[in-house]
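The following note sets out several points for the attention of a colleague who works with this model. Please read them alongside the sequence and the coordinates.

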Amino acid sequence: ILELGVGGGHLLSHLIGDFTATAVDLSEGMLEHSRRLNPDVQHVVWDMRTVRLGRTFDAVIIHDAIGYMLTEEDLRAAFATAVAHLKPGGIFITAPDWFRETFPGRWAGHELREGHGTRLTYFEYHHDPDPDDNTLEALFVFLIEEHGQLRIEMDRHTLGVFPVQRWQELLSEAGFSVERKTYPAHADGREAYLFVGTLQGEPPQDEVQADASGP
């Protein structure tokens, strides 16, 4: 399997007992975390929109990292990458956090975790400054207690949000037979879906045989 946008490798860590895997992410820092979790996996620094490894896989996965695709052109490029790396009949799975129909306009969540001498309190807030475009904003606040000291880290991300029907249309255009499956994975019980695409026919040969040396 190939995971694009592997991040810290948590999802992949649940799969490597059953699959041989390759992992791609744009961030070397995130790949360092994934390497610690998944030491036997090949890790490659590259953008999911442009990476070409020169080989094919039985399955390609993009979990919630697909949310960083901000335009339809970004989605088309990510789907083309999946096509270029799949064997005929191969499976592509992706899991957007939000769709235009399911995003409530604003959403907040929090979590507390403790272990290895560290306490983490985590807040997340999503909102949509402009409902007429295809993006929303996610803000993160981390309260981290280590060795009796507290530090606060903050981050903000822009994420893409598209209608369900548009996802299905773009995946079909890319060459997939598409299934939408209910995905009850979120603690808040939100309406969520997996898209499972089965590749129809052969991937373009110039895509498959592209140079795998890096970006």
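1. The model is predicted: local features need pLDDT of at least 70 and side-chain atom pairs pLDDT 80 or more, whereas totals for chains, interfaces and linings use all residues. Residues are numbered from 1 along each chain as its sequence is written, and side-chain values use heavy atoms, with hydrogens and water left out.

2. Glu124 belongs to strand E7 (residues 118-127). Strands (E, at least two residues) and helices (H or I, at least four) are DSSP runs, numbered from the N terminus. Glu124 is buried but has no salt bridge, and the nearest side chain of opposite charge, Arg190, is 6.4 Å away. Buried means under 20% relative accessible area, exposed over 50%, and partly exposed in between (1.4 Å probe, protein chains only). A salt bridge requires a side-chain nitrogen of Lys or Arg within 4 Å of a carboxyl oxygen of Asp or Glu; for charge, Lys and Arg count as positive, Asp and Glu as negative, and His and the chain ends are not counted.

3. Not counting residues up to four places away in sequence, Glu124 touches Trp107, Ala108, Gly109, Leu139 and Phe140. Contact means heavy atoms within 4.5 Å.

4. An open sheet of seven strands has the order E3-E2-E1-E4-E5-E11-E10, with mixed pairing. Its edge strands, E3 (42-45) and E10 (176-182), each pair on one side only. Pairing requires at least two DSSP bridges between two strands. E10 and E11 (residues 193-199) run antiparallel and are joined by seven bridges; Phe176 stands opposite Leu199 in E11.

5. Helix H2 (residues 28-37) packs on this sheet, touching E2 (22-25) and E3, and its direction makes about 175 degrees with that of E3. Helix H4 (residues 164-174) lies across E5 (86-94), E10 and E11, at about 150 degrees to E10. Axes are lines fitted to C-alpha atoms, for helices over the stretch in contact, with angles from 0 to 180 degrees between N-to-C directions.

6. Met30 lies in helix H2. Is Met30 buried or partly exposed? Met30 is partly exposed because its relative accessible area is 35%. Beyond its neighbours within four places in sequence, Met30 contacts Gly7, Gly8 and Asp25.
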